[in-house]
Every structure is written in C-alpha cells, then in structure tokens.
Amino acid sequence: MEEAGAVVATTGEAELNWSRLSVSAETLESELEARGEERRGSREALLRLLLPHNRLVSLPRALGSGFQHFQLLDVSGNALTALGSELLALTGLRTLLARNNRLGGSGALPKGLAESPLRHSLQVLNLSGNCFQEVPASLLELRALQTLSLGGNQLQSIPAEIENLQSFWWTQHLLFIYFLCGAEDRTQCPAHAR
C-alpha cells in the first residue's frame with residue numbers, strides 16, 4: 001500500500017498522492033512550492049496530483065507555477081466553492097476530477113476557461129455531486145471534452161448547445177443526458193422532452 005503524500009514514480013512520470021492528509025492550506029502551499037522547485041530542470045514530469053478529501057476551500061496558488069505538465073488533477077471531496085484561475089495555468093491538463101465539492105453558480109469556474117489552452121486539452125471533466133443548477137456556458141466551449149459528468153447536481157435543464165461538443169461520442173452523449181437528469185425513465189428526462 002502506498003503511503004499518503006508519497007511521490008510515486010513510473011518510467012519518467014510521477015504521481016503525487018496527497019489523499020486524505022487533512023493538511024492546512026499553508027502547508028499544502030509550501031509543499032507544492034518546494035516540489036515545483038525540485039522539478040525545475042528535471043526530466044521527470046509530475047503528471048498526476050491527487051488531493052481528494054483534504055478539506056480544501058480553494059485551489060493551491062502554487063498550482064499556477066511549475067506544474068504546467070499535469071495531466072490529471074483530483075480535488076474531489078473537498079469544500080471548494082470555486083476553481084480559481086490557477087487552473088488555467090495547467091495547460092496540459094486532460095482530466096479534472098472535482099466531484100463532491102460545493103461548486104455551483106456563476107463564479108464556480110475560472111473566468112477565461114473557454115479561451116484558455118484547456119479548451120483544447122481537457123478531455124475528462126467530473127463535476128458530479130456539486131451545486132450546479134445549470135450547465136455553465138464555458139463548458140460548452142471545451143472542444144476536446146469527451147466525458148462530462150454532472151450527475152448529482154441540481155440541474156434544471158440541459159442546453160441544446162451540448163450537442164456542439166464535437167469530441168463527444170453520441171453514446172456518451174445519451175448516457176450523459178440520462179444520468180445527468182436523474183430521471184427514472186428517459187421519457188421524464190428534460191433533454192428527451194424537446
């Protein structure tokens with residue numbers, strides 16, 4: 001079993017697993033800054049950062065510098081009400097797991113998300129179990145998005161523009177809509193009523 005907080009290296013890549021450490025925001029900040037300094041000039045890229053269940057109320061500011069090569073960020077099970085602009089600096093991010101937080105409303109996603117490099121890199125986005133009442137418009141601009149999970153939110157409707165997500169496979173689209181609305185049968189799903 002891996003020790004929490006351990007850096008796990010595998011053939012030129014690394015994972016930093018800080019799951020369930022319940023560290024203070026200040027400690028997390030300083031640790032990430034130190035890891036970023038260690039990595040500068042190193043050939044080994046830190047590709048995965050796991051921070052679930054740490055009672056975080058905001059993303060660490062240190063994410064914005066020295067971690068552009070992250071491919072996966074997991075901040076699930078925290079107390080996040082917004083994903084800050086630090087997220088926009090993660091230009092290689094392919095998978096973002098932010099389920100079971102307190103995200104919702106107009107300020108939950110960073111301004112400029114639809115214009116950032118994430119528009120072309122982010123493929124998997126899990127925002128399930130949050131407080132969204134509508135699908136944020138900026139998500140509809142994420143052109144590389146293949147999987148979007150929004151189940152367990154309080155969505156009132158699904159915008160027709162969801163079909164414009166070009167990388168979405170049709171079967172994923174149907175499953176997305178069905179599980180998204182939580183309808184007992186598909187005829188009760190608001191997306192199927194149109």
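The side chain of Asn101 reaches the backbone nitrogen of Ala79 at 3.4 Å, a polar contact in the sense of a pair of N or O atoms within 3.5 Å, where within protein one must be able to donate a hydrogen and the other to accept it, and residues adjacent in sequence count only if both atoms are side-chain atoms. This is a predicted model, in which local features need pLDDT of at least 70 and side-chain atom pairs count only at pLDDT 80 or more, while totals for chains, interfaces and linings use all residues. Residues are numbered from 1 along each chain as its sequence is written, and side-chain values use heavy atoms, with hydrogens and water left out.

Asn101 lies in the loop between strand S5 (95-97) and helix H2 (118-121), helices (H or I, at least four residues) and strands (E, at least two) being DSSP runs numbered from the N terminus. Asn101 is buried, with a relative accessible area of 7%, where buried means under 20% (1.4 Å probe, protein chains only). Leaving aside neighbours within four places in sequence, Asn101 has contacts (heavy atoms within 4.5 Å) that include Val75, Ser76, Gly129 and Asn130.

| Pair | Separation |
|---|---|
| Asn101 side chain and Ala79 backbone nitrogen | 3.4 Å |
| Asn101 C-alpha and Arg55 C-alpha | 9.5 Å |

In the protein chain as a whole there are three helices and seven strands, which follow one another along the sequence as β-β-α-β-β-β-α-β-β-α. Of the 194 residues in the protein chain, 44% are buried. Among contacts between residues at least 6 apart in sequence, 50% join residues at least 24 apart.

Technical notes. Buried means under 20% relative accessible area, exposed over 50%, partly exposed in between (1.4 Å probe, protein chains only).
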